[in-house]
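Welcome! Take a moment to look over the sequence and turn the structure around before reading on. The report that follows walks through it piece by piece.

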Amino acid sequence: MVTAPPLAEFPWLHHEFGTRHSAPLTGRVATLRQIHSAAVWSVRQSSRGLNEGGCLGEGDALITNEPGLLLAIRTADCVPILLVDPVRRVVAAVHAGWRGTVAGVLTQTVRQMHTDYETNPMDLVAAIGPAIGPCCFEVGSDVPLPLVAGKADLWEANRMQLEQAGVAAIWTAGKCTMCQPGMFYSFRRAKETGRMVSAIGLRE
Ligand SMILES: [Zn+2]
């Protein structure tokens, strides 16, 4: 797995960016049917007690403040982003391909963390995980992102989105899924069906 040093500093936090060699997650895990949208889910403890996890519905970002629940997203070339508010102890996991990036899924996630949990964006620590890099992401002019020599930079587009939302502490893995076949699945490289699972959660 790949971990982000700024997130590894919090002993009460579990986080990981999956690789093709990662072990499956265990315990209570909340997931979504990912649809390349800006739909965000807040996973709250219900009156019936602990949330059991499982697939909650359609969307591309999950937020919780519930200890013991892992939020997981699956990616191959799309960007996994993990967020933590160490002040309010709230976490989020976000799936951002180019469509989600353009739709502003990170902007929506930061906004909803503020609305639902009173997160101040200034407190957030963000980690942008392994994803197809500006070295490899060739796209057509139909993709409304800045292009350099026909290539789009999803890492930078998402870093800027966080910055514009008021997030200052942003770490980027800088690892391209297409360039490192030994470590990552890449849909674009090989039409591989495998997905890496990235997750974040508060320890119980
Ligand atoms: Zn690359």
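Leaving aside its neighbours within four places in sequence, which residues is valine 94 in contact with? This is a predicted model, and in it valine 94 touches Asp60, Ala61, Ile73, Ile81, Val105, Leu106 and Thr109, once its neighbours within four places in sequence are set aside.

**The core**

Valine 94 also belongs to the largest nonpolar core, which has 54 residues. Along with Leu62, Leu71, Ile81, Ala92 and Ala93, Val94 is among the members that touch the most other members. Strand S8 contributes the most to this core, giving 6 residues.

**The chain as a whole**

Stepping back, the protein chain contains 5 helices and 13 strands. Its radius of gyration is 16 Å, close to the 17 Å that the globule rule gives for 204 residues, so the chain is as compact as a globular protein of that length. The C-alpha trace spans about 50 × 35 × 30 Å along its principal axes. Of the 204 residues, 42% are buried. Among contacts with a separation of 6 or more, 69% are between residues 24 or more positions apart.

| Strand pair | Sense | Bridges |
|---|---|---|
| S7 (residues 79–85) and S8 (residues 90–96) | antiparallel | 7 bridges |
| S2 (residues 28–33) and S6 (residues 69–75) | parallel | 3 bridges |
| S2 and S4 (residues 54–58) | parallel | 3 bridges |

Valine 84 stands opposite valine 91 in S8, and arginine 28 stands opposite leucine 69 in S6. Alanine 30 has glycine 54 in S4 as its bridge partner, while threonine 31 has cysteine 55 in S4. In a regular strand the side chains alternate between the two faces of the sheet.

**Helices on the sheet**

Which residues of H4 are buried? They are Leu154, Trp155, Asn158, Arg159, Gln161 and Leu162. These residues are on the same side of H4, because they cover an arc of only 160° around the axis. An α-helix has 3.6 residues a turn, so residues three or four places apart point the same way. Just after H4, glycine 166 takes a positive phi of about 100°.

**Two loops with a positive phi**

Most residues other than glycine have a negative phi. Arginine 89, in the loop between S7 and S8, has a phi near 55°, a positive value in a residue other than glycine. Arginine 89 counts as partly exposed because it has 17 C-beta neighbours inside 10 Å.

Alanine 149 sits in the loop between strand S10 (147–148) and strand S11 (151–152). Its phi is near 55°, again a positive value in a residue other than glycine. Is alanine 149 buried or exposed? Alanine 149 counts as exposed, because it has 6 C-beta neighbours inside 10 Å.

**A cysteine in a loop**

The last stop is cysteine 176, in the loop between S12 and helix H5 (187–190). Cysteine 176 is buried, because 21 other C-beta atoms lie within 10 Å, and the cut-off for a buried residue is 20 or more. Apart from its neighbours within four places in sequence, cysteine 176 is in contact with Ile132, Gly133, Cys135 and Cys136. Phenylalanine 137 is 39 residues from cysteine 176 in sequence, and the two are 9.5 Å apart in space, C-alpha to C-alpha.

Definitions and conventions:
Residues are numbered from 1 along each chain as its sequence is written. This is a predicted model: local features need pLDDT of at least 70, side-chain atom pairs count only at pLDDT 80 or more; totals for chains, interfaces and linings use all residues. Two strands pair if DSSP finds at least two bridges between them. Helices (H or I, at least four residues) and strands (E, at least two) are DSSP runs, numbered from the N terminus. A residue is buried if 20 or more other C-beta atoms lie within 10 Å of its own, exposed if 12 or fewer, and partly exposed in between; C-beta atoms are placed from the backbone. Two residues are in contact if their C-beta atoms, placed from the backbone, lie within 7 Å. A nonpolar core is a set of buried Ala, Val, Leu, Ile, Met, Phe, Trp, Tyr and Cys residues joined through C-beta atoms within 7 Å. The arc is that of the directions from the helix axis to the C-beta atoms. The radius of gyration is taken over C-alpha atoms; the globule rule is 2.2 Å times the number of residues to the power 0.38.
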